[in-house]
Amino acid sequence: MKLENLELYRIKTLLNTKIIESNSPFAESVFIEILIRLNDLLGLLDKNGQRITFVDDVDVQGEVKDITDLVSKLRNASCHVRSGNIQIGTNIFVFNRFFGYTPNGIKMGEIVLGSQYKDDTAFYYGLFRIYLNRHIKRLIEEISPLYNVKE
């Protein structure tokens, strides 16, 4: 079995545990592993001319132009917490989650972190937000056929 298929299988296995949707002390670890593996798969697709470029609900700004960039930024922020990617002013935002509709989960002046959807979970490192259903699960659906992986 190819490494890419093993990575997809591992991501699906982790998602099926529902740990990142719980208050488990392992939720952040599972989330980081998913980001690492997704980043690897998306990077390989990009290198092979098959970049995933959707921008639905992606906060496009700065170096983030699409979902591939967002996953890369989140992976880097989660794996290198002293990189500055998670610092907002004097505050450091490491792993924040918002379950369901919580548009003003954290509000500090003009900085607002939260979720715009009652049927989703938003994950943050710094200002970088990714949704579980709208981004992560969608990526798995879009990537799987590119690697000939069936559900």
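Q: Quick one to start: is Leu-38 buried or exposed?
A: Leu-38 is buried, with a relative accessible area of 0%. Buried means under 20% relative accessible area, exposed means over 50%, and partly exposed is in between (1.4 Å probe, protein chains only).

Q: What kind of model is this?
A: This is a predicted model, where local features need pLDDT of at least 70, side-chain atom pairs count only at pLDDT 80 or more, and totals for chains, interfaces and linings use all residues. Residues are numbered from 1 along each chain as its sequence is written, and side-chain values use heavy atoms, with hydrogens and water left out.

Q: Back to Leu-38, then. Where does it sit?
A: Leu-38 is in helix H2. Helices (H or I, at least four residues) and strands (E, at least two) are DSSP runs, numbered from the N terminus.

Q: And which residues does Leu-38 touch?
A: Leaving out residues up to four places away in sequence, Leu-38 touches Ile-11, Val-71, Ile-136, Leu-139, Ile-140 and Ile-143. A contact here means heavy atoms within 4.5 Å.

Q: How many residues separate Leu-38 and Ile-11 along the chain?
A: They are 27 residues apart along the chain, and their C-alpha atoms are separated by 7.9 Å.

Q: Let's zoom out. How many helices and strands are there?
A: The chain has 4 helices and 7 strands. Along the sequence they follow the pattern α-α-α-β-β-β-β-β-β-β-α.

Q: How much of the chain is buried?
A: Of its 151 residues, 44% count as buried.

Q: Which residues have the most contacts inside the largest nonpolar core?
A: Those are Phe-31, Ile-34, Leu-38, Ile-67, Ile-130 and Leu-139, in a core of 34 residues. A nonpolar core is a set of buried Ala, Val, Leu, Ile, Met, Phe, Trp, Tyr and Cys residues joined through side-chain atoms within 4.5 Å.

Q: Which helices and strands supply at least two residues of this core?
A: Helix H1 (3-17), helix H2 (27-47), helix H3 (67-79), strand E6 (121-125), strand E7 (128-131) and helix H4 (132-146) each do. H2 gives the most to this core, with 9 residues.

Q: What lies apart from this core?
A: Another core lies apart from it, with 7 residues, among them Phe-93, Ile-106, Leu-113 and Tyr-124.

Q: Tell me about H2. What do its buried residues pack against?
A: They pack against H1, H3, strand E3 (96-99), E6, E7 and H4. Buried residues of H2 include Val-30, Phe-31, Ile-34, Leu-35 and Leu-38. Take Ile-34: it touches Ile-11, Leu-14, Leu-15, Ile-20 and Ile-136, not counting residues up to four places away in sequence.

Q: How far does H2 reach from its first C-alpha to its last?
A: H2 has 21 residues and reaches 30 Å, close to the 30 Å expected at 1.5 Å a residue. The expected span of a helix is 1.5 Å times one less than its number of residues.

Q: What happens just after H2?
A: Gly-49 takes a positive phi of about 75° there.

Q: How about H3? How far apart are its end C-alpha atoms?
A: They are 18 Å apart, which agrees with the 18 Å that the 13 residues of H3 should span. The buried residues of H3 pack against H2, E6, E7 and H4; among those buried residues are Ile-67, Leu-70, Val-71 and Leu-74.

Q: New topic: how many salt bridges does the structure hold?
A: There are 11 salt bridges in the structure. A salt bridge is a side-chain nitrogen of Lys or Arg within 4 Å of a carboxyl oxygen of Asp or Glu.

Q: Which residue does Glu-21 pair with in a salt bridge?
A: Glu-21 pairs with Lys-137, and their closest N and O atoms are 3.9 Å apart. This pair links distant parts of the chain, 116 residues apart: Glu-21 is in the loop between H1 and H2, and Lys-137 is in helix H4. Glu-21 counts as partly exposed at 29% relative accessibility, and Lys-137 does too, at 25%.

Q: What about Glu-33 and Arg-37: where do they lie?
A: Both lie in helix H2, 4 residues apart, about one turn of the helix.
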